[in-house]
Amino acid sequence: MPLICRNCGLGLQGGDDAAVFVCLNCGTAHEVLEKGLVAFSPLTAAITTELAVAGVTHYLAVWRMAVTVTAAADSAWERIRKATAPGPAYLYVPAFSLMRAVMQRLGVSLTEVQPALELDRGLLGSGDRRPTLTEVGAGGGAGGAGRAGGGAGDNRSGGDGALGAAVAPGPDFGTYSPVVVGRQDARTLGHFVYLAVESHEAREVRSVDYRLETLGEELLFIPAVWDPRYIHESNWRLLLREFDGLVA
Ligand SMILES: [Zn+2]
């Protein structure tokens, strides 16, 4: 039985494994709590890349966690925190996939980079589609939410056929990813991302002594284009200026 948006009455996006259901019409998100569906407003990050990136723009669900961490002075987290000071440093927990590699790679990338996101409440509904979408998406901004499949059939802008052999399957969702990681799970997975960040930089195996407390979390949608060359971001080219310099 399809779930209905409490706000506007249209059907919600989200399959059997969804933890949060999203209304593509009014941009409200709905999480399932004991008392029933509770609505809240997710945030969408603007495209800030300064490069012309070909491909269909997808928006990936990510939890951005505000945390307090007590860690060693020479920890990766302390370095990240100092780099973003006086602003807060966030932990990023991917919410569109339950795959360990995605969690680890994208979570670590975003947490290490701490992108300066330009956030707007809600989703880019069909009513207020932005010009940036048409600039970036090779297929034009027209399609909207119904652009199923993507991935495999997308023409990367030619040229780089070298990758050849391993054809990774593209995303199986449209403009907005599903949200399969709920708020509570994100708090648990925050520890996983945190430890991945620390071990990513550690030269040797050592025990990581830390305390992590989650103060709050927000659901963000981050623009990206599927591109198997971006192995370290789990095949996603994030359309954020902080990732412009990264070599595929
Ligand atoms: Zn709605």
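Strands here are DSSP E runs of at least two residues, and helices are H or I runs of at least four, both numbered from the N terminus; two strands pair if DSSP finds at least two bridges between them. The hop from strand 2 to strand 3 is a hairpin of two residues. All of this comes from a predicted model, where local features need pLDDT of at least 70, side-chain atom pairs count only at pLDDT 80 or more, and totals for chains, interfaces and linings use all residues. Residues are numbered from 1 along each chain as its sequence is written, and side-chain values use heavy atoms, with hydrogens and water left out.

Strand 8 (residues 210-226) is largely enclosed by the rest of the structure, because 12 of its 17 residues are buried (buried is under 20% relative accessible area, exposed over 50%, partly exposed in between, with a 1.4 Å probe and protein chains only). Strand 8 pairs with strand 5 (residues 57-71) in the antiparallel sense over 15 bridges, and Thr 68 sits opposite Glu 213 there. Strand 4 (residues 43-45) runs parallel to strand 8 over two bridges, with Phe 221 as the partner of Thr 44.

On to the metal. The zinc ion takes its protein donors from the SG atoms of Cys 5, Cys 8, Cys 23 and Cys 26, at 2.2 to 2.3 Å; donors are N, O and S atoms within 2.8 Å of the metal (3.2 Å for Na, K and Ca), and water is not among the atoms, so sites may look incomplete. Angles among the four donor atoms span 100 to 119 degrees, making the site tetrahedral (four donors with all angles between 85 and 135 degrees). The donor residues follow a C-x2-C-x14-C-x2-C spacing. Cys 23 is buried at 0% relative accessibility, whereas Cys 26 is partly exposed at 31%.

Elsewhere, Trp 77 belongs to helix 1 (residues 76-84) and is buried, with a relative accessible area of 2%. Its C-alpha atom is 9.0 Å from that of Thr 111, 34 residues away along the chain.

Conventions:
Four donors count as tetrahedral if all angles lie between 85 and 135 degrees; four count as square planar and six as octahedral if opposite donors are over 155 degrees apart and all others between 65 and 115; anything else is irregular.
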